[in-house]
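Here are my notes from going through this one.

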Amino acid sequence: MPKVTVHRKAHFNAAHRLFNSNWSDEKNFEVFGKCSNPNYHGHNYELIVSLTGEVNEETGYVYDLGKLKDLIQLKVENVLDHKNLNIEVEEFKNLNPTVENISVVIYNKLRASIPENLDLEVTLYETPRNYVTYRGA
Ligand code: NI
């Protein structure tokens, strides 16, 4: 059967501060600039979750996009939306909430719930022009 990639878009707002606790405020500001503002700042994150696999002969689906929507809501939006990532999200207590690290956290949250025969890719936009992709590695 042909292999097809299906995509689901989602969205969340969150606040963060880019910060390395081993560095002084001066060094943090030097490296992270405005993103190191001690009073935090927000982003409108756009998420695309992509699953690649063979089209099922019986359903014609790679994966039910309604199920994927619910999964993203449960595992990602409910956990990250309208949160201060540094303070309120366990994974970032000791992990700098860069868009890179957020994409890896999202991937790990979803991977366990996606059938093993499907490849998962997470695309995460922090701004309309800055985005990352993560496929697990
Ligand atoms: Ni930022």
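1. A word on naming before we start: helices (H or I, at least four residues) and strands (E, at least two) are DSSP runs, numbered from the N terminus. Ser-24 is partly exposed, at a relative accessible area of 37%.

2. The overall picture. Keep in mind that this is a predicted model. The protein chain has four helices and five strands, and reading along the sequence you get β-α-β-α-β-α-α-β-β. The C-alpha trace spans about 60 × 25 × 25 Å along its principal axes. Of the 137 residues in the protein chain, 39% count as buried. Among contacts with a separation of 6 or more, 66% come from residues 24 or more positions apart.

3. The nickel site. Which residues hold the nickel ion? The protein donors are His-16 (NE2), Cys-35 (SG), His-41 (NE2) and His-43 (NE2), and they lie 2.1 to 2.7 Å from the ion. Angles among the four donor atoms run from 89 to 132°. Four donors count as tetrahedral if all angles lie between 85 and 135 degrees, so this site is tetrahedral. Along the chain, the donors follow the spacing H-x18-C-x5-H-x1-H.

4. Is His-16 buried or exposed? Its relative accessible area is 0%, so His-16 is buried.

5. The nonpolar core. The largest one has 32 residues, and Phe-12, Leu-47, Ile-102, Ile-106 and Leu-124 have the most contacts inside it. The elements giving two or more residues to this core are β1, β2, α2 (65-80), α4 (99-111), β4 (119-125) and β5 (131-134). Helix α4 supplies the largest share, six residues.

6. Leaving out residues up to four places away in sequence, Leu-47 touches Arg-8, Lys-9, Ala-10, Ile-72, Val-76, Ile-106, Val-122, Thr-123 and Leu-124. Ile-106 and Leu-124 are also among the residues with the most contacts inside the core.

7. Aromatic pairs. The count comes to four. In one of them, the ring centres of Tyr-107 and Tyr-134 are 4.9 Å apart with the planes at 75°, so the pair is edge-to-face. Tyr-107 sits in helix α4 and Tyr-134 in strand β5, 27 residues apart, so to speak a bridge between distant parts of the chain. Both Tyr-107 and Tyr-134 are buried.

8. Now set Tyr-125 and Tyr-131 beside that. Their ring centres lie 4.3 Å apart and their planes are at 20°, so this pair is stacked. Tyr-125 is partly exposed, with a relative accessible area of 22%, and Tyr-131 is partly exposed too, at 48%.

9. The charged end of Lys-27 sits over the ring of Trp-23, 4.5 Å from its centre.

Notes
Residues numbered from 1 in each chain as written. Predicted model: local features only at pLDDT ≥ 70, side-chain atom pairs only at ≥ 80, totals over all residues. Heavy atoms only, no water. Donors = N, O, S within 2.8 Å, 3.2 Å for Na, K, Ca; no water. Tetrahedral: all angles 85-135°; square planar, octahedral: opposite > 155°, others 65-115°. Buried < 20%, exposed > 50% of the residue type's maximum accessible area, 1.4 Å probe, protein only. Core = buried A, V, L, I, M, F, W, Y, C linked by side-chain atoms within 4.5 Å. Contact = heavy atoms within 4.5 Å. Phe/Tyr/Trp six-rings, centres within 6.5 Å; stacked < 30°, edge-to-face > 60°. Lys NZ or Arg CZ within 6 Å of the ring centre and 35° of its normal.
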